[in-house]
Every structure is written in C-alpha cells, then in structure tokens.
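Let us read this model one feature at a time. Each term gets its cut-offs when it comes up.

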Amino acid sequence: MKIITYNVNGIRSAINKNWLAWLQATDADVVCLQEIKATPDVLTDLGLVDAMGYQHFWFPAEKKGYSGTAIFSKRLPKHVEYGCGIPDFDREGRCIRVDFDEVSVMSVYFPSGSSGDERQIFKFRFLDEFGKYLTLLKASIPNLVICGDYNICHKAIDIHNPKSNANSSGFLPEEREWMENFIESGFVDTFRHTNKEPHNYTWWSYRANARAKNLGWRIDYALASKELEPNIKRCAILPEAKHSDHCPVLLELEF
C-alpha cells in the first residue's frame, strides 16, 4: 500500500500548479491532504480525480478558505470517520480517517501557533485533548497510520537552525516533549525508521529563498503504530514536488 501525505496549502492553488498530473504519476493508493482551504463543490476538476480511480472524502473547515483535510483512496474503505468528536477541532476540519481491514489511515492538520499567543494556547489544548483521543483510538484500532502536518519539529536534526528557533512555535520544548512522548507511547516515525540523515525537510518559508537554500523544517509525518513496524517497506520525503510551501511524504507498507 502506497500512502502519501501532503499539506497542499490550498488545493485550488496546487491544482493550478499541475498537481493533478503529479497525483496521477504517483499512483498512490491513499492520499492524505491537509490545509485544503476549499469545499469540493467549488472544485471543477474532481472529474479528473474520479477518472484516476479515486474515491474522495472531504472534511473542510466551517470557515471558508481555511484549514480542512481530505483523503483520496483507490480502495473503498469499510468506514470513513469525519472529525474526532471535539467540536472546536472539528469546526476547523482537523482530521479525517479511512478504515480498511488491515490498516486505518488518518489525515491530520495540527494547529499552528505562530500567529500569536491565542493560537499557541489553542495548539497546546489540541495536543492535550487530541493526544488523548488518539491514545484511545489506538487501543481500539491497533494498526493505525497518522499522516499529516504536525506543525512540530521533533528533534534538532529536523530543523535547519535549532539554536535560533529554540523559542519558535513548532520547536518549543513543550511541543517537542509532546512529540517524543507520543511516539514513545507506541508509534514509529516511519521516515526516521530508515533515514537518520540531516537536512531532510518538508516545509520551507517563502521568505529569503529558503527552499532553494534548503533552510527548512520537517513537520510533516507518517507515524505508524508499532504493530505496523514489520510492514514498513520504505518512507521518503519528495522535495521535488513543488505545489505548496510543504512537500509530500511517501510511505509504503507491505501486507
């Protein structure tokens, strides 16, 4: 099973950058999207997605042009779960999940706290409450892949300048501690499972030519429950895909 996670930073913008041709070329089984910033009714290209053989499931935010998640799947899931049952998070379209017999795949868009104290407080609340939700979910669904933009760099190797960003949202000690504890609770960072090299990032600021200089952050992950560790074939970051300020992450599982 080939799974891709991609924060497209506006699916209409990505489509205008030839994203659909890229999607067809990847031939992924499941595509997890974050920050779609649109509802499916405003998209005129969904027929092309249908023609590629994808079922598509959408969980947009109530606020137009903001946040939202979606999953495209070539296999019909036995169940689709929209949201997590926490109203403040579901209003922002923060997560959607598809269940198959052998695995469940979730697309999650964690909040950013970079706009100010209010959103950072909201982010900490999300980490606390959504983390508890995921712990309960894993107990009932052991084979779980949680894809998405976590808006957290786990370790110093995951950010281009850890010293100057020590007090930046996304690399705060409390956020990194949450990430460490969450992984230790029974998940595998599938990219780091096989790749221990530095300078691997998934997001770059639009400022100061950061992407060309590879001054980035690794904040997009495909975390798999420990139970799936024997099934991990490979995980790769795909920086050549340039439809967003993020790039996709590919995870391949063998069953």
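**Reading contacts, burial and salt bridges**

Q: Which backbone oxygen does the side chain of S225 reach?
A: The S225 side chain comes to 2.5 Å from the backbone oxygen of P142. The general idea is the polar contact: a pair of N or O atoms within 3.5 Å; within protein, one must be able to donate a hydrogen and the other to accept it, and residues adjacent in sequence count only if both atoms are side-chain atoms.

Q: What should I know about the model before going on?
A: The model is predicted: local features need pLDDT of at least 70, side-chain atom pairs need pLDDT 80 or more, and totals for chains, interfaces and linings use all residues. Numbering runs from 1 along each chain as its sequence is written, and side-chain values use heavy atoms, with hydrogens and water left out.

Q: Where is the place of S225?
A: S225 sits in strand β12. Strands (E, at least two residues) and helices (H or I, at least four) are DSSP runs, numbered from the N terminus.

Q: Is S225 buried or exposed?
A: Buried means under 20% relative accessible area, exposed means over 50%, and partly exposed lies in between (1.4 Å probe, protein chains only). S225 has 0% relative accessibility, so S225 counts as buried.

Q: Which residues is S225 in contact with, leaving aside its neighbours within four places in sequence?
A: Contact means heavy atoms within 4.5 Å. With those neighbours set aside, S225 touches K138, P142, N143, L144, G186 and F187.

Q: Which residues does the UniProt annotation "active site" cover?
A: Treat such a record with care: its positions are given in the numbering used here, feature names are shortened, and annotations may be inferred rather than shown by experiment. The unreviewed UniProt entry puts "active site" on Y109, D149 and H246. These residues span 138 residues in sequence, but no two of their C-alpha atoms are more than 12.6 Å apart, so they gather at one spot.

Q: Which residues from this set does the lining of the largest pocket take in?
A: Y109, D149 and H246 belong to the lining of the largest pocket. A pocket is an open set of points on a 1 Å grid over the protein atoms alone, where a 1.4 Å probe fits, with protein on both sides within 12 Å along at least five of seven lines; lining residues have an atom within 4 Å of a point.

Q: In which strand is Y109 found?
A: Y109 belongs to strand β7 (residues 104-109). Y109 is buried, at 9% relative accessible area. Its side chain makes a polar contact of 3.3 Å with that of E35. Beyond neighbours within four places in sequence, the contacts of Y109 include N7, Q34, R94, F126 and D149.

Q: In which strand does D149 lie?
A: D149 is in strand β8 (residues 144-149). D149 is buried, with a relative accessible area of 1%. A polar contact of 2.9 Å links the side chains of D149 and N7.

Q: To what does the count of salt bridges come?
A: A salt bridge is a side-chain nitrogen of Lys or Arg within 4 Å of a carboxyl oxygen of Asp or Glu. By this rule there are 19. One of them joins the side chains of D158 and R192 (3.0 Å, N to O). D158 lies in the loop between β8 and α6 (173-184) and R192 in helix α7 (residues 190-194), so the pair ties together parts 34 residues apart in sequence. D158 is buried at 1% relative accessible area; R192 is buried at 11%.

Q: With which side chain does K233 meet in a salt bridge?
A: K233 pairs with E252 (3.8 Å, N to O). K233 lies in strand β13 and E252 in strand β14 (residues 249-253), so the bridge ties together parts 19 residues apart in sequence. K233 is partly exposed at 47%, whereas E252 is buried at 14%.

Q: With which side chain does R234 meet in a salt bridge?
A: R234 pairs with E252 at 2.7 Å, N to O. This pair links distant parts of the chain, with R234 in strand β13 and E252 in strand β14, 18 residues apart. R234 is partly exposed at 37%. Elsewhere, salt bridges with shared partners join D88, R91, R125 and E129 into one network.

Q: In which loop does N231 lie?
A: N231 is in the loop between β12 (220-225) and β13 (232-237). N231 counts as buried, at 18% relative accessibility. N231 and F255 are 24 residues apart along the chain, and 6.2 Å separates their C-alpha atoms. Leaving aside neighbours within four places in sequence, N231 is in contact with E252, L253, E254 and F255.
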